Amino acid sequence: MLRQRGERSGKNRIYRLYREEGLTVRKRRARRRAVGTRAPIVVEAKPNARWSLDFVHDQLASGRRFRILNIVDDVTRECLAAIPDTSISGKRLARELSALIERRGKPGVIVSDNGTEFTSNAVLSWSEANKVEWHFIMPGKPMQNGFCESFNGRMRDELLNETLFFGLDHAREKVRSWVHDYNHRRPHSSLGYATPADYAAALTATGDRLRNPDQLRRSPVAHPTPAGVSTAGTQLAAG
């Protein structure tokens, strides 16, 4: 009994000395996450209103892993870029976004998760320098980036799971071909079964007419009612 008490008192003394000297094991702190807006994003129905970014992973026939950076226009559903590589850093991501803006124009807002590439100093500095709002979804809520998540799932089902990539160049060729087919030949149900490229062109043409009153007056808002169809019924069907 006395021996047990002595052991306990000895352990307590050692524990007290450890605390006084600051020798206790430090608790690991959670990684700081970038703070983004949490309110729902309301966007205008036009190209470049909102882009979403995400990575999808796969491996080559040799077993070497690679990743694909996908950039999607949430309004038109176009795949703006699909970049396969073994490593894509924050600096590389900033360069790719700058090149894409030169070709297409600046987005109103960019949506992504809290991955290390997206929260890197290079990307945060790029966002501030280019005055592009960056919206980070809540951790563990991938549905808040649903457009890009849906695109990633389609790419995996139709391309990645069905193709054996023999090298990085082969993967780039296959991804480029699949993205072109997706943008220009694949009807999308949420776009009224138009292809993303055709839908984007229609939105752009509509925006041009609205910005040009003379052209709007010259172009009919709706097609004339066909013979034998009542006007009331036509208006109801058109909404």
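The conversation that follows moves from the whole chain to single residues.

Biologist: What mean pLDDT does the protein have?

Modeller: This is a predicted model, and pLDDT expresses the predictor's confidence in each residue on a scale from 0 to 100. In this protein 72% of the residues reach 70 or more, and the mean pLDDT is 81.

Biologist: Over which residues does pLDDT stay under 50?

Modeller: Where pLDDT is low, the predicted coordinates should not be read in detail. For the stretch in question the model has 9 contacts beyond four places in sequence, and the stretch with pLDDT under 50 covers residues 213–239.

Biologist: How many helices and strands does the protein have, and in what order do its elements run?

Modeller: The protein has 8 helices and 5 strands. Read from the N terminus on, the elements run α-β-β-β-α-β-α-β-α-α-α-α-α.

Biologist: Of the contacts with a separation of 6 or more, what share is accounted for by residues 24 or more positions apart?

Modeller: The protein has 239 residues, of which buried residues make up 36%. As for the contacts in the protein with a separation of 6 or more, the share that comes from residues 24 or more positions apart is 61%.

Biologist: Are helices α2 and α3 roughly parallel or roughly antiparallel to each other?

Modeller: Two packed helices are described by the angle between their axes and the distance between the axes. Helix α2, residues 90–104, packs with helix α3, residues 121–130, at an angle of about 30°, and their axes are 7 Å apart. Angles under 35 degrees count as roughly parallel, and α2 and α3 are therefore roughly parallel.

Biologist: Which residues of α3 make the contact with α2?

Modeller: From α2, the contact is made by Gly90, Lys91, Leu93, Ala94, Leu97, Ser98 and Ile101. The residues of this contact, taken over both helices, divide into 7 nonpolar, 2 polar and 1 charged. On the α3 side, the contact is made by Ala122, Val123 and Trp126.

Biologist: Is Ile101 buried or exposed, and which residues is Ile101 in contact with beyond four places in sequence?

Modeller: Ile101 lies in helix α2, and at 17% relative accessibility Ile101 counts as buried. Leaving aside neighbours within four places in sequence, Ile101 is in contact with Trp51, Lys106, Pro107 and Trp126.

Biologist: What is the phi of Asn48 near?

Modeller: Asn48 has its place in the loop between α1 (2–21) and β1 (51–59), and at 12% relative accessibility Asn48 counts as buried. Its phi has a positive value in a residue other than glycine, and is near 70°.

Biologist: Does Lys131 count as buried or exposed?

Modeller: Lys131 has its place in the loop between α3 and β5, and its phi is also a positive value in a residue other than glycine, near 55°. The cut-off for exposed is over 50% relative accessible area; at 70% relative accessibility, Lys131 counts as exposed.

Biologist: Which side chain makes a polar contact with the side chain of Trp134?

Modeller: Trp134 lies in strand β5, residues 133–136, and is buried, with a relative accessible area of 8%. Not counting residues up to four places away in sequence, Trp134 touches Leu53, Leu97, Ile110, Ser112, Phe118, Val123, Trp126 and Ser127. One of these residues is 22 residues away along the chain, with a C-alpha separation of 7.8 Å, and its side chain makes the polar contact with that of Trp134, at 2.8 Å: Ser112.

Biologist: Which side chains are joined to Asp74 by polar contacts?

Modeller: Asp74 is in the loop between β2 (65–73) and β3 (79–85), and at 4% relative accessibility Asp74 counts as buried. Beyond four places in sequence, Asp74 touches Arg50, Trp51, Ser52 and Phe147. Polar contacts join the side chain of Asp74 at 2.8 Å to that of Arg50, and at 2.7 Å to that of Ser52.

How values were computed
Residues are numbered from 1 along each chain as its sequence is written. This is a predicted model: local features need pLDDT of at least 70, side-chain atom pairs count only at pLDDT 80 or more; totals for chains, interfaces and linings use all residues. Side-chain values use heavy atoms; hydrogens and water are left out. Axes are lines fitted to C-alpha atoms, for helices over the stretch in contact, and angles run from 0 to 180 degrees between N-to-C directions. Helices (H or I, at least four residues) and strands (E, at least two) are DSSP runs, numbered from the N terminus. Angles under 35 degrees count as roughly parallel, over 145 as roughly antiparallel, 65 to 115 as roughly perpendicular and the rest as oblique. Contact means heavy atoms within 4.5 Å. Ala, Val, Leu, Ile, Met, Phe, Trp, Tyr, Cys and Pro count as nonpolar, Asp, Glu, Lys and Arg as charged, and the others, Gly among them, as polar. Buried means under 20% relative accessible area, exposed over 50%, partly exposed in between (1.4 Å probe, protein chains only). A polar contact is a pair of N or O atoms within 3.5 Å; within protein, one must be able to donate a hydrogen and the other to accept it, and residues adjacent in sequence count only if both atoms are side-chain atoms.
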